[in-house]
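Me: I have a model open and would like to talk through some of its features. Could you take my questions one at a time?

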Amino acid sequence: MKSLWSDADAAETVRRYAGQGIAEDVALRVYTSRLLGGDDRLVLHGGGNTSVKTTATDLLGDRVEVLRVKGSGWDLARLEPAGLPAVRLAPLLRARALPVLCDLDMVNLLRTSLLDAAAPSPSVEVLLHAFLPHAFVDHTHARAVLALTNQPEGAALCREVFGGRVGIVPYVMSGLPLARAAAAVFEADPGVEGLILLRHGIFSVGAGAREAYERMIALVSLAEDRLARGRRTLVTVSRPSPPPVAEIAPILRGALAEDRGDGAWGRWLLEFRTSPEILAYVNAAGLERLAGAGVATPDHVIRTKGWPLIIEPPAAGALDGFGAAARTAIDGYAGRYRAYVDRHKTTQTALDPLPRVVLVPGLGLFGVGRSAAGAAIAADIAVSAALTITDAEAIGRFESIAEADLFEMEYWSLEQAKLGRSREAPLAGQVALITGGAGTIGFATGAAFAAEGAEVVLVDLDEAAAVAAAARLGPHALGLRVDVTRPDEVRAAFDRACARFGGIDIVVSNAGIALQGRIGDLADETLRRSFEINFFAHQTVSQNAVRVMRRQGTGGCLLYNVSKQAVNPGPDFGAYGLPKAATLFLARQYALDHGRDGIRANGVNADRIRGGMLTPEMIAKRSKARGLDERDYMAGNLLAREVTAEDVAQAFVHQALALRTTASITTVDGGNIAAALR
Ligand code: ZN
């Protein structure tokens with residue numbers, strides 16, 4: 001591992017922050033924190049923390065010694081000075097003499113010692129940072145170090161690798177006892193460059209930012225060098241290749257879902273990962289022991305639980321029994337998890353017993369989360385754990401902290417205090433696929449579903465527009481090119497969505513085309529083309545949706561952008577209205593035939609939506625023909641209000657949430673009595 005320190009970048013960082021009144025030591029603290037945070041071999045998702053001891057002026061004008069330490073909610077990779085709350089150092093140092101300091105008292109001490117009451121809470125490892133005398137202290141959960149410390153003979157191995165350059169601290173849970181133990185080890189040999197915390201991570205110290213950072217790199221490099229010598233490779237079991245992830249994922253996702261009754265489900269997102277290294281791990285002989293041995297570093301338990309679920313995949317083409325097998329495996333996992341909680345629980349609230357990581361031999365691994373972001377974090381940590389365990393086994397035998405220590409971390413009072421604080425969004429855990437997703441109504445619908453917590457797939461004929469629209473919805477939304485009149489492309493898009501998120505729960509069949517012509521003169525070809533897009537494409541999309549939804553076994557929701565034209569034809573608009581009328585009946589047919597699968601089918605009849613089927617030219621022509629200005633034409637309805645794409649989007653969201661409504665058409669047209677359904 002190489003030092004990424006650059007004098008020019010460091011100077012530039014100092015210069016940039018000086019303009020905001022940030023002192024040089026704090027600027028450099030930000031600079032090297034980002035260097036550490038940018039390397040996933042050192043730091044993953046909020047893991048790791050850094051600090052600098054400096055001075056600050058309080059409100060009364062007094063110069064006080066402070067510790068600026070990474071605050072919770074900040075990632076080292078994107079750290080800013082605001083993510084380094086300043087805590088008065090004196091009270092932290094005095095806390096060392098306290099006989100005990102419970103977690104909630106520690107949080108209170110930290111918050112009342114902040115210079116800024118609105119600052120984020122300092123990292124829970126703050127006392128350890130405070131008790132080490134160096135100005136700069138860096139802490140990571142470096143993978144290579146964990147591969148050495150997580151061994152039966154971890155301490156001896158670290159002695160051999162690091163010699164006298166580090167102090168070695170036995171495993172103690174974070175908080176005052178760990179800070180005290182670490183300080184005692186340091187004070188016994190104050191010349192060390194850092195501390196190894198067995199089965200937890202590494203600290204490095206220095207008078208300057210560069211010294212602490214480069215000591216971290218040098219020490220981790222020693223660990224990497226040791227792991228490169230005399231390696232044994234994992235013995236793998238060869239197996240036939242399983243069905244593709246797009247076929248397995250919806251079944252697995254369905255098996256994980258919790259039935260909340262009355263058609264409501266607690267659904268999960270899946271994030272799939274595979275690589276030659278991951279395959280070597282999931283195909284290892286004795287995977288049960290490796291995967292069951294525990295976490296690589298304690299705070300991973302919050303994201304991944306203490307161990308993953310292993311599910312044997314079905315043979316290719318033999319998916320039928322897989323759902324039942326997956327449910328049996330998940331029940332077994334839940335039983336084991338509940339027994340673990342019962343062995344250790346005193347007053348804590350039990351967490352749900354479902355896995356956050358699923359290993360599938362022959363295929364790869366899945367991260368499981370209530371959001372795509374959460375699933376991705378679980379997957380990142382699972383991949384890192386697989387690599388750590390592979391390294392540990394290459395030179396010895398992987399061993400984690402004791403089960404009681406694992407429970408203590410997972411059910412830490414500070415973590416328990418966060419439970420139930422945030423209310424789940426109404427569509428959390430669900431995946432919505434929207435055709436015509438880059439258009440005005442499609443994008444507004446995607447945004448409305450995302451706002452309710454759903455993960456969104458926007459498909460559109462225009463690939464660049466679909467990708468750009470998805471990017472506007474956030475880093476996890478997916479944009480795909482699809483010609484909805486091509487069954488092979490529709491199927492491929494559904495497969496990609498399943499591979500990306502694990503499945504699909506809501507489909508908004510929205511893509512359409514406005515073709516016109518007086519019916520008596522209409523070219524046959526025009527009418528047939530309109531039927532391809534405005535009817536048959538809805539059927540293709542619906543069939544694919546049903547295919548995925550039945551695999552999940554958790555019902556689903558089909559939504560159609562029909563049209564006022566389906567019940568109230570406009571002049572010369574038969575080419576559009578006729579297939580839309582058929583699509584209205586398509587919705588009813590799906591409601592009728594697939595209600596028994598828990599699948600609901602509803603539609604929206606919208607009218608006069610800017611950017612919908614109405615082009616600016618059509619608006620101009622029609623308002624002129626009626627002698628109205630455009631605004632009056634657009635608001636030409638019973639409520640005299642223009643209807644927007646957002647109104648249509650809200651109607652779709654409402655239909656998705658109305659669990660007892662199917663075969664329903666909602667009009668979103670401001671009131672048009674001739675188009676009212678009866
Ligand atoms: Zn740590």
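Predicted model: local features only at pLDDT ≥ 70, side-chain atom pairs only at ≥ 80, totals over all residues.

Me: Which handedness does the β-α-β unit made by E15, H19 and E16 have?

Reply: Residues are numbered from 1 along each chain as its sequence is written, and side-chain values use heavy atoms, with hydrogens and water left out. Helices (H or I, at least four residues) and strands (E, at least two) are DSSP runs, numbered from the N terminus. A crossover is right-handed if, with the strands pointing away from the viewer, the path from the first strand over the helix to the second runs clockwise; the unit of E15, H19 (residues 463-473) and E16 is right-handed.

Me: In which sense do E15 and E16 pair, and what is the partner of leucine 458 in E16?

Reply: Two strands pair if DSSP finds at least two bridges between them. E15 and E16 (residues 478-481) have 4 bridges, and their sense is parallel. Leucine 458 has as its bridge partner in E16 glycine 479.

Me: What joins E14 to E15, and which residue of E15 is the bridge partner of valine 431?

Reply: E14 (residues 431-435) runs parallel to E15, joined by 5 bridges. With H18 (residues 440-451) between them in the unit's listing, E14 and E15 also make a right-handed β-α-β unit. The E15 partner of valine 431 is glutamate 455.

Me: How many of the residues of E15 are buried?

Reply: Buried means under 20% relative accessible area, against over 50% for exposed and partly exposed in between (1.4 Å probe, protein chains only). On one side of E15, Glu455, Val457 and Val459 are buried, and on the other Val456, Leu458 and Asp460 are too. For E15 (residues 455-460), the count is 6 of 6.

Me: Are H7 and H9 roughly parallel or roughly perpendicular?

Reply: The axes, lines fitted to C-alpha atoms over the stretch in contact, with angles from 0 to 180 degrees between N-to-C directions, come within 10 Å for H7 (residues 154-162) and H9 (residues 209-228) and cross at roughly 110°. Angles under 35 degrees count as roughly parallel, over 145 as roughly antiparallel, 65 to 115 as roughly perpendicular and the rest as oblique. H7 and H9 are therefore roughly perpendicular.

Me: Why does leucine 197 count as buried?

Reply: Leucine 197 lies in E6 (residues 194-197). Leucine 197 counts as buried because its relative accessibility is 1%.
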